[in-house]
Amino acid sequence: MPEDRPPYPPFTLETARRKVQAAEDAWNTRDPHRVALAYTADSVWRNRDRFLTGRDEIVAFLTAKWQRERDYALRKSLWSFHGDRIAVRFQYECRDADGQWWRSYGNELWEFDERGLMRRREASIDDVAIDEADRRILGARPADQHGVDIPVW
């Protein structure tokens, strides 16, 4: 049975928003195997200074990431789209093994195949230490907040 991950390109404003929300929802499960199913078997990634190819490397990367980044919670926001590409900005918060909280700010460029699977992901990310009292991303986004833009800082 062929893999399939709607919505499919070319994207409209509505389908691009749905694709972004689906990615946010999946990443907030912190389930590397579930997340990896949204990517082609030979998907290529640049994540900060790391370069990955294929689902096995994606799963290994995400497994290690979520072991390090405890209580991870993410927000994504559609920036732009055209044809089979979507640009997003995102923020996530997590704490490290020492209890320090972090907010990470980033931009991603996505490219999809005709089945709606992501074949390319490029992510640029910066991390800022924050106090626990300054946290604002507390778990998965409630449905009534889907599509609400994230602040610059």
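Which residue stands opposite Tyr-39 in β6? Select Tyr-39 and look across: the residue is Met-118.

Before moving on, some ground rules. This is a predicted model, where local features need pLDDT of at least 70 and side-chain atom pairs count only at pLDDT 80 or more, while totals for chains, interfaces and linings use all residues. Residues are numbered from 1 along each chain as its sequence is written, and side-chain values use heavy atoms, with hydrogens and water left out.

**Stop 1**

Colour the strands. You will find an open sheet of 6 strands in the order β2-β1-β6-β5-β4-β3, with mixed pairing. Two strands pair if DSSP finds at least two bridges between them. At the edges stand β2 (50–53) and β3, each with a single partner strand, so one side of each has no neighbour in the sheet. On average, neighbouring strands are turned by 20° against each other, direction ignored. Angles here come from axes, which are lines fitted to C-alpha atoms (for helices, over the stretch in contact), and run from 0 to 180 degrees between N-to-C directions.

Next, select β1 and β6, which pair in the parallel sense over 5 bridges. Then select β3 and β4: these two pair in the antiparallel sense over 10 bridges. Ala-73 has Glu-93 in β4 as its bridge partner. The two strands form a hairpin with 2 residues between them, and Gly-83 in the turn has a positive phi of about 60°.

**Stop 2**

Show α1 (13–29). This helix lies across β1, β3, β4, β5 and β6, and runs at about 165° to β3. Helix α3 packs on the sheet too, touching β1, β2, β3 and β4, and its direction makes about 50° with that of β1.

**Stop 3: the core**

Which residues touch the most other members of the largest nonpolar core? Select Trp-27, Trp-45, Leu-62, Ile-86 and Trp-110, out of 28 residues in this core. The elements giving two or more residues to this core are α1, α2, β1, α3, β3, β4, β5 and β6. A nonpolar core is a set of buried Ala, Val, Leu, Ile, Met, Phe, Trp, Tyr and Cys residues joined through side-chain atoms within 4.5 Å. Buried means under 20% relative accessible area, exposed means over 50%, and partly exposed lies in between (1.4 Å probe, protein chains only).

Zoom in on Trp-27. Leaving aside its neighbours within four places in sequence, its contacts (heavy atoms within 4.5 Å) include Val-35, Tyr-39, Leu-62 and Arg-121.

**Stop 4: aromatic rings**

Rings of Phe, Tyr and Trp (its six-membered ring) pair if their centres lie within 6.5 Å; planes under 30 degrees apart count as stacked, over 60 as edge-to-face and the rest as tilted. By this rule there are 9 aromatic pairs. Select Phe-11 and Phe-112: their centres are 5.2 Å apart and their planes at 75°, so the pair is edge-to-face. Phe-11 lies in the segment before α1 and Phe-112 in strand β5, so the pair ties together parts that are 101 residues apart in sequence.

Then select Trp-27 and Trp-66, another edge-to-face pair, with 5.6 Å centre to centre and 85° between the planes. Both are buried.

**Stop 5: a buried glutamine**

Select Gln-91, found in strand β4. At 2% relative accessibility, Gln-91 counts as buried. A polar atom of its side chain lies 2.4 Å from the backbone oxygen of Pro-151.

**Stop 6**

Most residues other than glycine have a negative phi, and most peptide bonds are trans. Arg-30, in the loop between α1 and α2, has a positive phi of about 55°. Asp-71 in strand β3 also has a positive phi, near 55°. Finally, select Pro-6 and Pro-7, which are joined by a cis peptide bond with omega of about 0°. The peptide bond from Pro-9 to Pro-10 is cis as well, with omega near 0°.

Key: Helix = DSSP H or I, 4+ residues; strand = E, 2+ residues; numbered from the N terminus. Polar contact = N/O pair within 3.5 Å; in protein donor to acceptor, adjacent residues only side chain to side chain.
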